[in-house]
Amino acid sequence: MSNELMPLYYAIVKHFVGGSQDCAQGVVAALKPQYGDYKLLTLKDVEEALATAKENGLLDESNCDLDDNGGLRIWYQVTEFGEDMIDRYIGKYSNPA
């Protein structure tokens, strides 16, 4: 685990900048290369982070479907408010390449 990485929650919401849609499984897969050692990079914890971001107006549900196991999968995308807040408060953070 590197101290050079931005906080995990920041990386989760910043993942949606630019309007891309994704679900918790996609976020975990996208962040695994850099955050794979983080104990909170689990499907359950990412789903909770996404739900919190939605409740705070940063993300909105854009779609839903069933995953390969028949579980509900919710897709999110950033809101206009969220894009502004992420840019304003998290935009200065970036992970090393």
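Me: Leaving aside its neighbours within four places in sequence, which residues is Arg 73 in contact with?

Reply: The model is a predicted one. In it, Arg 73 is in contact with Cys 23, Gln 25, Asn 63, Cys 64, Asp 65, Leu 66 and Asp 67, its neighbours within four places in sequence being left aside. Arg 73 itself lies in strand S3. By C-alpha atoms, Arg 73 and Ser 94 are separated by 28 Å, at 21 residues apart along the chain.

Me: What makes S2 and S3 a pair of strands?

Reply: A pair requires at least two bridges. Seven bridges join strand S2 (residues 59–66) to strand S3 (residues 72–78), so the two strands count as paired. They run antiparallel, and Leu 66 has Leu 72 in S3 as its bridge partner. Five residues stand between the strands of this hairpin, where Gly 70 takes a positive phi near 85 degrees.

Me: How do you know that S1 is paired with S3?

Reply: Two bridges join S1 to S3; the requirement is at least two, and therefore S1 and S3 pair. These strands also run antiparallel, with Cys 23 opposite Trp 75 in S3.

Me: Why are S1 and S2 called edge strands?

Reply: The open sheet has three strands in the order S1-S3-S2, with antiparallel pairing. Strand S1 (22–23) and S2 each pair on one side only, and they are the edge strands.

Me: Why are H2 and H3 described as roughly perpendicular?

Reply: Helix H2 (residues 24–35) and helix H3 (residues 43–55) pack at an angle of about 115 degrees, with their axes 9 Å apart. Angles of 65 to 115 degrees count as roughly perpendicular, and the two helices are therefore given that description. Their crossing is right-handed.

Me: Which residues of H2 and H3 make the contact?

Reply: H2 contributes Ala 24, Gln 25, Val 27 and Val 28, while H3 contributes Leu 43, Val 46, Glu 47 and Leu 50. Six of the residues in this contact are nonpolar, one is polar and one is charged.

Me: Why is Ala 30 called partly exposed?

Reply: Ala 30, found in helix H2, has a relative accessible area of 40%. Buried would mean under 20%, and exposed over 50%. The value for Ala 30 falls in between, so this residue is partly exposed. Ala 30 and Val 17, 13 residues apart in sequence, are 14 Å apart from C-alpha to C-alpha.

How values were computed
Residues numbered from 1 in each chain as written. Predicted model: local features only at pLDDT ≥ 70, side-chain atom pairs only at ≥ 80, totals over all residues. Heavy atoms only, no water. Helix = DSSP H or I, 4+ residues; strand = E, 2+ residues; numbered from the N terminus. Axes fitted to C-alpha atoms, helices over the stretch in contact; angles between N-to-C directions. Parallel < 35°, antiparallel > 145°, perpendicular 65-115°, else oblique. Left-handed = near helix turned anticlockwise from the far one by under 90°. Contact = heavy atoms within 4.5 Å. Nonpolar A, V, L, I, M, F, W, Y, C, P; charged D, E, K, R; others polar. Buried < 20%, exposed > 50% of the residue type's maximum accessible area, 1.4 Å probe, protein only.
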